[in-house]
Amino acid sequence: MNGQKEKKVYSERIPVADIVEENDKAMVYFEVPGSKAGNVNIEVKNSILTIEAESCLERHGKPILYKRSFELSDAVDVDNIKATTKDGVLVLTLPKAESAQIKKIAVE
Amino acid sequence: MGFLMRRNDRGIVSGGVMLHDLVRSWFPDLTDVLWKDLLPDSRMHVKVNDDSVCVQFAFAGCKPSDFEVESSGTFLTVRVARREKHPSENGEKRYSCCERIWGEYQESVKLPVPVISAEAKAKYTDGVLEITLPRCKSGENSVKQIEVL
């Protein structure tokens with residue numbers, strides 16, 4: 001052993017997702033069965049949102065890693081993205097930037 | 001995907017054979033090895049231990065009461081019906097991508113060894129239904145000698 005940590009080999013899967021839009025935000029629901037909050041990694045780099053979730057499930061002797069990326073538009077307020085997990089579903093809340101929200105204008 | 005999402009990173013993935021064939025015809029250079037990874041696999045996974053058989057059924061976002069598990073001989077069937085409303089049905093929300101299964105889903109598997117169905121236990125945690133069935137000990141399986149009169 002040279003002291004380096006051996007890289008874990010995963011069986012990679014693309015999680016299915018639902019995207020629901022509301023006036024002030026969008027909700028993204030990823031199915032990541034067998035994953036707990038501590039095993040989920042979410043990052044935004046150069047407007048690319050990437051989620052990675054390690055599962056307790058295995059395929060072909062390797063643990064499953066759910067991984068998927070999306071390109072975000074400028075309308076997303078990246079600093080206020082929130083994430084929760086429940087029953088194997090990762091829920092991302094993507095708030096819209098102020099400028100992207102629909103404003104109703106009253107006609108006088 | 002509306003104004004928020006322009007595209008995903010690996011395109012459309014679907015269990016539909018026709019769609020699979022269509023996409024494959026667009027990208028003929030992709031190897032079978034790659035397609036094996038892209039195609040969806042069974043939600044059920046069977047592990048045989050020394051004294052039990054453990055079946056894992058991956059179905060996220062449900063409650064334990066949504067599941068119905070039946071065991072007949074060495075066949076195990078899991079039925080699930082998501083009873084909660086689809087998020088788009090509430091108020092003025094609208095979905096721009098819908099890939100998750102809503103409604104009913106069923107999958108069966110033939111277990112590789114005889115089991116004692118009456119002592120089966122099931123637990124739902126983090127989107128995975130885990131069913132544990134004790135294995136029949138030798139001489140205890142359901143083979144019955146019938147006398148010919």
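**View 1. Ala37(A) counts as exposed, at 54% relative accessibility.** Exposed here means over 50% relative accessible area, buried under 20%, and partly exposed in between, with a 1.4 Å probe and protein chains only. Ala37(A) lies in the loop that joins strand E3 (25–31) to strand E4 (40–45) of chain A; strands are DSSP runs of E with at least two residues, numbered from the N terminus. Between the C-alpha atoms of Ala37(A) and Thr85(A) the distance is 5.9 Å, although 48 residues separate the two in sequence.

The model is predicted: local features need pLDDT of at least 70, side-chain atom pairs count only at pLDDT 80 or more, and totals for chains, interfaces and linings use all residues. Side-chain values use heavy atoms, without hydrogens and water, residues are numbered from 1 along each chain as its sequence is written, and chains are lettered from A and ligands numbered from 1 in the order in which they are written.

**View 2. An open sheet of four strands in chain B has the order E2-E3-E9-E8, with antiparallel pairing.** Strand E2 (44–48) and strand E8 (121–125) form the edges, each pairing on one side only; two strands pair if DSSP finds at least two bridges between them. E2(B) and strand E3 (residues 52–58) of chain B are joined in the antiparallel sense by five bridges. Within this pair, Val48(B) stands opposite Val53(B) of E3(B).

**View 3. Cysteines are shown in a model with zero disulfides over all chains.** A disulfide is a pair of cysteine sulfur atoms within 2.5 Å. For Cys56(A), the nearest cysteine sulfur is that of Cys54(B), 9.9 Å away. Cys56(A) counts as exposed because its relative accessibility is 53%, whereas Cys62(B) counts as buried because its value is 2%.
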